Amino acid sequence: MKRTETILKISDLQVAFERGKRSLPVIEGLNLELLRGKVLGLVGESGCGKSMTALSVLRLLPSGGRITGGEILLDNENLLELSKGEMRRIRGKRIGMIFQDPNSALNPVRRVGSQFIETLQTHLSLERPKAKMMAESMLSTLGLSGPERLMRCYPFQLSGGMRQRVMIALALSLQPDVLLADEPTTALDVTVQAQILAEMKKLQDQFKTAILLVSHNLGVIAQLCDEVAVMYGGTIVETGTVEALFTQTAHPYTQGLLYAIPHLYKSRGQTLSIIKGQPPEAGRIPQGCPFAPRCGAALEICRRSRPTLQQTGDDPGHQRACHFPLTWTAKQHTAQSLSRKVVSS
Ligand SMILES: Nc1ncnc2c1ncn2[C@@H]1O[C@H](COP(=O)(O)OP(=O)(O)OP(=O)(O)O)[C@@H](O)[C@H]1O
């Protein structure tokens, strides 16, 4: 299968937090590829490192956080080698970001319109009347009626859903190559969530923006994404198209996430289950497979050696980091167990 061109490529990313004299790893050897104009979902339980991955791309880690290794290529340019000034030029214009909390992006003491227009003038070098027109048109596309009136409002005069729409409109109007969206609708009620995601998808199609959509909600991911990367313990454990992950699930952790979706477990004749135990804390990621302590199928090799991402099935884009993927036959399992015994003896 021919794959579209890669716009963002993260290779072997390592991130750690300094606590006193100790360095606590939170991302260990993360590999991720975002294709031009496509939407990639990054999914996983709370604390697995989704936000730190997105913030690493912008080089905006919270205090104490440091990128200790790896490469982040935007169109073949390593962002980790750029100066602070060069990075400032990349943010917003080439890589946009929308957060769960729109208040982090909107200035509370300035009217929505003046912030919007100024941003468009600065980044796109537009004359004020043109910037105003574009701002109003973007706000309408995002389902906001009466954009002229809305532009005269302060952020606190808008509902949470409206503020979130304003932030999405602002980020997408700069037509960045890449948009990092970290739980953009999680704080909103379900109907508003669905509307905003549909509107975001419309704009994404129009501008061909590549989006990295961070979410813990597989339903949201299925609605919007072309591909999905499942993250656990600071690394990617499975990646592929939405269809491949749902129909040919290879990693036991992905399966655990799927069985926790109420309508899906029923359709598969399974019982709703939660994954027992907790994900590893910062600095406590196991040396072998990070999921081994919670995995019902883990063998000795899983605890000792970290599996790397490898093709699973016929599609080169569907990869899993698991010694014993679910899609394997009993024969393949036995052969793998035997070869591991021979290697380690
Ligand atoms: N400021 C910080 N100082 C120290 N550790 C941090 C800090 N921020 C995050 N961490 C740790 O980094 C790890 C990854 O956190 P991250 O926020 O990326 O997870 P997440 O998958 O985005 O979770 P959530 O879905 O809850 O946002 C966690 O173990 C977290 O405790």
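What follows is a short briefing, sorted by topic.

This is a predicted model, where local features need a pLDDT of at least 70, side-chain atom pairs count only at pLDDT 80 or more, and totals for chains, interfaces and linings use all residues. Residues are numbered from 1 along each chain as its sequence is written. The chain splits into domain 1 (6-94 + 176-283) and domain 2 (106-174), with bounds that come from an automatic or database domain assignment.

**The two domains**

- Taken over C-alpha atoms, the centres of domain 1 and domain 2 are 27 Å apart.
- Where they touch, domain 1 puts in 17 residues and domain 2 puts in 12 residues; a contact here means C-beta atoms, placed from the backbone, within 7 Å of each other.
- On the domain 1 side of that contact, helix 7 (residues 190-207) gives the largest share, with 8 residues.
- That side of domain 1 has 10 nonpolar, 4 polar and 3 charged residues. For these classes, Ala, Val, Leu, Ile, Met, Phe, Trp, Tyr, Cys and Pro count as nonpolar, Asp, Glu, Lys and Arg as charged, and the others, Gly among them, as polar.
- The UniProt entry, which is unreviewed, annotates residues 8-258 as "domain: ABC transporter"; its positions are given in the numbering used here, feature names are shortened, and annotations may be inferred rather than shown by experiment.
- Residues 8-258 are 40% helix and 28% strand, and the C-alpha atoms at the ends of the span lie 27 Å apart. Helices (H or I, at least four residues) and strands (E, at least two) are DSSP runs, numbered from the N terminus.

- Strand 1 (residues 6-19) pairs with strand 2 (residues 22-35) in the antiparallel sense, over 11 bridges; two strands count as paired if DSSP finds at least two bridges between them.
- L13 has L30 in strand 2 as its bridge partner.
- The two strands make a hairpin with 2 residues between them, and G20 in the turn has a positive phi of about 60 degrees.
- Strand 1 also runs antiparallel to strand 4 (residues 65-74), joined by 8 bridges. Here S11 stands opposite E71.

- What is the order of the 8 strands in the open sheet? They run 6-7-8-3-9-10-12-11, with mixed pairing.
- Strand 6 (95-98) and strand 11 (310-311) are at the edges with a single partner strand each, so one side of each has no neighbour in the sheet.
- Strand 9 (residues 227-232) pairs with strand 10 in the antiparallel sense over 6 bridges, and V228 has G240 as its bridge partner.
- Strand 9 and strand 10 form a hairpin with 2 residues between them, where G233 in the turn has a positive phi of about 55 degrees.
- Strand 10 (residues 235-241) is mostly covered, with 6 of its 7 residues buried. Buried means 20 or more other C-beta atoms within 10 Å of a residue's own, exposed means 12 or fewer, and partly exposed is in between, with C-beta atoms placed from the backbone.
- Strand 10 also pairs with strand 12 (residues 319-320), antiparallel over 2 bridges. T239 stands opposite Q319, and E238 stands opposite R320.

**Around the ligand**

- The ligand has 15 residues around it, and V26, S46, K50, S51 and M52 come nearest; a residue is near if its C-beta atom, placed from the backbone, lies within 6 Å.
- This shell divides into 6 nonpolar, 7 polar and 2 charged residues.
- Helix 1 (residues 50-58) supplies the largest share of the shell, 3 residues.
- Helix 1 is largely enclosed by the rest of the structure, because 7 of its 9 residues are buried; they are K50, S51, M52, T53, A54, S56 and V57.
- Just after helix 1, R59 takes a positive phi of about 55 degrees.

**Two residues to look up**

- K38 sits in the loop between strand 2 and strand 3 (39-43). Is K38 buried or exposed? K38 counts as buried because it has 21 C-beta neighbours inside 10 Å.
- Leaving out residues up to four places away in sequence, K38 touches T4, A210, D226 and E227.
- R149 is in helix 5 (residues 147-151), and it counts as exposed because it has 10 C-beta neighbours inside 10 Å.

Notes
Two residues are in contact if their C-beta atoms, placed from the backbone, lie within 7 Å.
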